[in-house]
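Here's a quick tour for someone meeting this protein for the first time. Have a look at the model, then read on.

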Amino acid sequence: MLINDILQILETKGLDAYIVSHGNRFLGQDILESEHKIKHLCGFSGSAGALIIGRKGCFLLVDGRYELQAVQEVDNSRINIVHRIPNISNICSVLEENSMGHIGYDAWCWSATDMSMAQNRFGDLQFTDIGDLVNIDALKPVKVLHRDTKYAGQNVDEKLQIVRDFLARQKADYFLLTAADSVSWLLNIYAEDLPYSPVVRAYALVNVRGNVELFADNLQTDLPCQPMAELVKFLEKTSQKVLYDAWTTPKKIAFAPMKYATDICQKLKTIKNTKELEGMFNCHIRDGVAVTKLLMWLEKNWQGKTELDVVRKLHELRLEQADFFSESFATIAAIGANGAIVHYQPTEKSNKQLRQGELLLLDSGGQYLDGTTDVTRTVALGIPENEKIRDFTCVLKAHIALARQIFPVGTRGSQLDGIARAILWQHGVDYKHGTGHGVACFGNVHEAPVSISNSAKYMFEEHVVVSDEPGVYCEGQYGIRIESLLASVKSEKEGFLEFTTITRVPIDKNLIDVYMLTADERKWLNEYHQTVYDLLVSYMNKEEKKWLKKACSPL
């Protein structure tokens, strides 16, 4: 169905607008390319956004990561691009500003919390569930695979016992888990249908005895599983106490007798157990080998190559690594001005040739059976200009500031965000994305609820993995980002945490103004590079060892 078709339905039903989310009934989880409703309707391919189709106008809401991309992909004469985070409050604000009061939506695609907030804060708006009008989902059979405890670190019985104990304390009969990554973590299962995330898209109903029933319409599994319609029937009729998380549960199935409780798996999975943390460290060595070999190849072979050549070469190198499963997201290889588009991804249409004097921003990651990686390195092709060296060094200083920070247990992500950002503020620049996001161990590369941003409420504990990725973006010229993953560990100071960097890839010293760095910053970088060298050198041949030694030599 197209926008004109939806407008006709709105007129027939007497509605002013219809809101389309990026996701589906698995809120906040990855989707297949074939499920991207917003792209189908207006061409925007970003991983976050909301589209309002209104009889008084159409509006695409995007956050700072996608401002430039949206302008390039969307017909601006028909779709108004609104630079606001695409949450329900901002959507409702746009609806009010444009006098659209009667709204249609698909209650499977918005959480119970979203709709409660909308109804409480925007009382003049009337929402009606009219289902999925875009209707492009085509479910295919998905095989459920079991993840070995040697990778997961805990068996299913141990994890279920935690849920059972929680239900007993709450005097509840069931916990309904609707977040796909929670279900996958709890049951040590994974799937191969999504291109970048191994989670199983299913709901799980766990009872106080520890029995689990999965609900999905397309799973091939030896676990108990029923169609989603059976869950709806059960929830409509049951008189038993069912707990659910209103942030991750669609409004469609948040029935009145159900009781709100935070999905405890969401927090438990962010705190890596000993085996998971070991796996994260180990897979970053192997991934570091792949990315570092790519940088070596790039230095000698970039002439005549394109962005997609870089993407393909990196994929080849990752395929050589043990326990490699897939990329953790579509690789960003952005030359020159494309680097200023925060989440740019080269296509056959946009693919550009690498050029002398330009910066290449390379943001990529891998899924390994023992962990997940995400790393960004910006490299100079030829001799960089002074302006680029200055901006890169500012980003490096911001990156180091967060990486070496010591902070109390329970510090919020919003407090940590300012540590990196303040360095760039002093130079009159900022970036329109968060400083860091949580990373799963063989799961979503963006793992909720961990976040480092100006609005992040997450309170840090030991053994949490998060990215550190400040940047500078000059529209029409270049983009710079340095990203490594950090693990929170105990500090020598009682009650405090510190970060240890687990990414193992050299940082381009050709882009560093040494005189802008303090002695402590130089010390941190030299120690980091020594660690990278020590861990990677045994995987390199004679020529590669020579390159690595130079790349990791002290400033």
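What follows goes from the overall picture to a few selected spots.

This is a predicted model, so local features need pLDDT of at least 70, side-chain atom pairs count only at pLDDT 80 or more, and totals for chains, interfaces and linings use all residues. Residues are numbered from 1 along each chain as its sequence is written, and side-chain values use heavy atoms, with hydrogens and water left out.

**The whole chain**

The protein chain has 16 helices and 30 strands; helices (H or I, at least four residues) and strands (E, at least two) are DSSP runs, numbered from the N terminus. Its C-alpha atoms fill a box of roughly 70 × 55 × 40 Å along the principal axes. A compact globule with 555 residues would have a radius of gyration near 24 Å, and the protein chain agrees, at 24 Å. That radius is taken over C-alpha atoms, and the globule rule is 2.2 Å times the number of residues to the power 0.38. Of the 555 residues, 58% are buried. Buried here means under 20% relative accessible area, exposed over 50%, and partly exposed in between (1.4 Å probe, protein chains only). Among contacts (heavy atoms within 4.5 Å) between residues at least 6 apart in sequence, 70% join residues at least 24 apart.

**Helix H1**

Which residues of H1 are buried? They are Ile3, Ile6 and Leu10, in a helix that spans residues 3–13. They sit on the same side of H1 because they cover an arc of only 60 degrees around the axis, going by the directions from the helix axis to the C-beta atoms. In general, an α-helix has 3.6 residues a turn, so residues three or four places apart point the same way. The face of H1 turned away from the buried side carries the exposed Gln8, Glu11 and Thr12. The partners that the buried residues of H1 pack against include strand E1 (17–21) and helix H2 (37–42).

**Nonpolar cores**

A nonpolar core is a set of buried Ala, Val, Leu, Ile, Met, Phe, Trp, Tyr and Cys residues joined through side-chain atoms within 4.5 Å. In the largest one, with 77 residues, Leu298, Val310 and Phe460 touch the most other members. Helix H13 (residues 386–403) gives this core its largest share, ten residues. Apart from it lies another core of 27 residues, among them Ala172 and Phe175. Leaving aside neighbours within four places in sequence, the contacts of Val310 include Leu294, Trp297 and Ala333.

**A three-stranded sheet**

Strands E18, E19 and E22 form an open antiparallel sheet in that order; pairing takes at least two DSSP bridges between two strands. The edge strands, E18 (332–335) and E22 (375–380), each pair on one side only. E18 and E19 (residues 359–364) share four bridges, and Ile332 stands opposite Asp363 in E19.

Helix H8 (residues 180–187) is mostly covered, with eight of its eight residues buried.

| Helix | Next residue | Phi |
|---|---|---|
| H1 | Gly14 | positive, near 75 degrees |
| H8 | Asn188 | positive, near 50 degrees |

**Gly434**

Gly434 is in the loop between helix H14 (413–425) and strand E24 (436–437). It counts as partly exposed because its relative accessibility is 29%. Gly434 and Pro470 are 36 residues apart in sequence and 7.9 Å apart in space, C-alpha to C-alpha.
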